[in-house]
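Here is a short briefing for a first look at this structure.

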Amino acid sequence: MRRLARCRADLIFGQHDSLRHYFSDGLLDAPAPRMNPNRRSTYLEPKKAFDDLYWMGTPSRSTWALTTSDGIILYDTQSVYDAEDVIVGGLQKLGIDPAKVKYVIVSHAHENEVGGAKLMQQRYGAHIVMGAGDWDLVNESVNGFPDGKPQRDIVAADGMKITLGDRTVTLYLMPGHTPGTISGIFQVHDHGKPLTVAYSGGTEFNFVNDVPHFDTYLASERKFAAIAAAAGATIILGNQSQFDGAALKLRTLADRKPGEPHPLDAGAAAVARYFKIEDECAQAVRLKLLARQKDASK
Ligand SMILES: [Zn+2]
């Protein structure tokens, strides 16, 4: 019960709560993004996470760069006001040329994941990959893109492979958090050892809170949990650091002793547990909604 109560607090009344009414199904638009008032204190040093995966972000938002033999696949793009400093500045600090970014996968089009898509597309010619429903969210937005919107580009399909050089990311449609949320499976290397990542595209329940939306969310969770297990994923990553602990864990890398596992290599059981907790949390809210419906019909 304590776990479910905690889920409710974290996932329903979390920081996204005020956005719930704006993004769901694209019915209403978001307020214009605001400048981060604490940019000096919230930006973190970018980090090399694996041999071929780099992290840039804030304590709550992650952007990942997967390096390949022919350029970079970027995963998620911060907010419109953070993108220049966090992504462009971050890549440069890491010694990586931002012009080498060939693909940008936007796992869902909320303001803290899609903000830098236009910049990467316009300045560096990167291809932007997004789910169909989230391209629609972008198109319908009135206030969310004060510097202009990314042009509609690649529409993600279930099982689509984004291949660049020697690396491939396989995408899976996972509607729920937004209509066009996409998750992905790819490999990284830890001192040469291959490890499989399950990248979860969206977590919180800041969508229309009714039973059909939770049914969609739950079906997606179960589908991707099975895909992650079949792929042998031992690492769960995403765009919000509070769920994968990336910002903190990557700061412990320097203290890692020889032979110790990578702090993000949580193991297959932990990856399965991640999806199970999301599943149970969603079930708990769905049941509460059903009870409310029943009370209302009395
Ligand atoms: Zn979101």
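In helix 11, which covers residues 268–296, the buried residues are V271, Y274, F275, E278, C281, A282 and R286. A residue is buried if 20 or more other C-beta atoms lie within 10 Å of its own, exposed if 12 or fewer, and partly exposed in between, with C-beta atoms placed from the backbone. Helices (H or I, at least four residues) and strands (E, at least two) are DSSP runs, numbered from the N terminus.

This is a predicted model: local features need pLDDT of at least 70, side-chain atom pairs count only at pLDDT 80 or more, and totals for chains, interfaces and linings use all residues. Residues are numbered from 1 along each chain as its sequence is written.

**Confidence**

- The protein chain has an average pLDDT of 89, where pLDDT is the predictor's confidence in each residue, from 0 to 100.
- A pLDDT of at least 70 is reached by 87% of the residues.
- Residues 1–5 stay under 50, and the model gives them three contacts beyond four places in sequence.
- Two residues are in contact if their C-beta atoms, placed from the backbone, lie within 7 Å.
- Residues 8–27 are also below 50 in pLDDT, with 31 contacts in the model beyond near neighbours in sequence.
- Where pLDDT is low, the predicted coordinates should not be read in detail.

**Helix 11**

- Helix 11 has 29 residues.
- From first C-alpha to last, helix 11 reaches 42 Å, close to the 42 Å expected at 1.5 Å a residue.
- That expected span is 1.5 Å times one less than the number of residues.
- An α-helix has 3.6 residues a turn, so residues three or four places apart point the same way.

**Helix 6**

- Helix 6 runs over residues 117–124, and its buried residues are A117, K118, L119 and M120.
- They pack against strand 4 (71–75), helix 4 (83–93), strand 5 (101–105), helix 5 (111–114) and strand 6 (127–130).
- G125 follows helix 6 and has a positive phi, near 70 degrees.

- Five strands make an open sheet with mixed pairing, in the order 8-9-10-11-12.
- Two strands pair if DSSP finds at least two bridges between them.
- Strand 8 (161–164) and strand 12 (235–238) are the edge strands, each pairing on one side only.
- From one strand to the next, the twist averages 25 degrees.
- Helix 8 (residues 211–231) packs on the sheet and touches strand 9 (167–173), strand 10 (182–190) and strand 11.
- The direction of helix 8 makes about 20 degrees with that of strand 10.
- Axes are lines fitted to C-alpha atoms, for helices over the stretch in contact, and angles run from 0 to 180 degrees between N-to-C directions.
- Strand 11 (residues 193–200) and strand 12 run parallel, joined by four bridges.

**G238 in strand 12**

- G238 is the bridge partner of S200.
- G238 counts as buried because it has 23 C-beta neighbours inside 10 Å.
- Leaving aside neighbours within four places in sequence, G238 is in contact with Y199, S200, T203, F243 and D244.
- G238 and D76 are 162 residues apart in sequence, but 8.9 Å apart in space, C-alpha to C-alpha.

**Two positive phi values**

- Most residues other than glycine have a negative phi.
- Q78 has a positive phi, near 65 degrees, and is in the loop between strand 4 and helix 4.
- Q78 is buried because it has 28 C-beta neighbours inside 10 Å.
- H191 has a positive phi, near 50 degrees, and lies in the loop between strand 10 and strand 11.
- H191 is exposed because it has 8 C-beta neighbours inside 10 Å.
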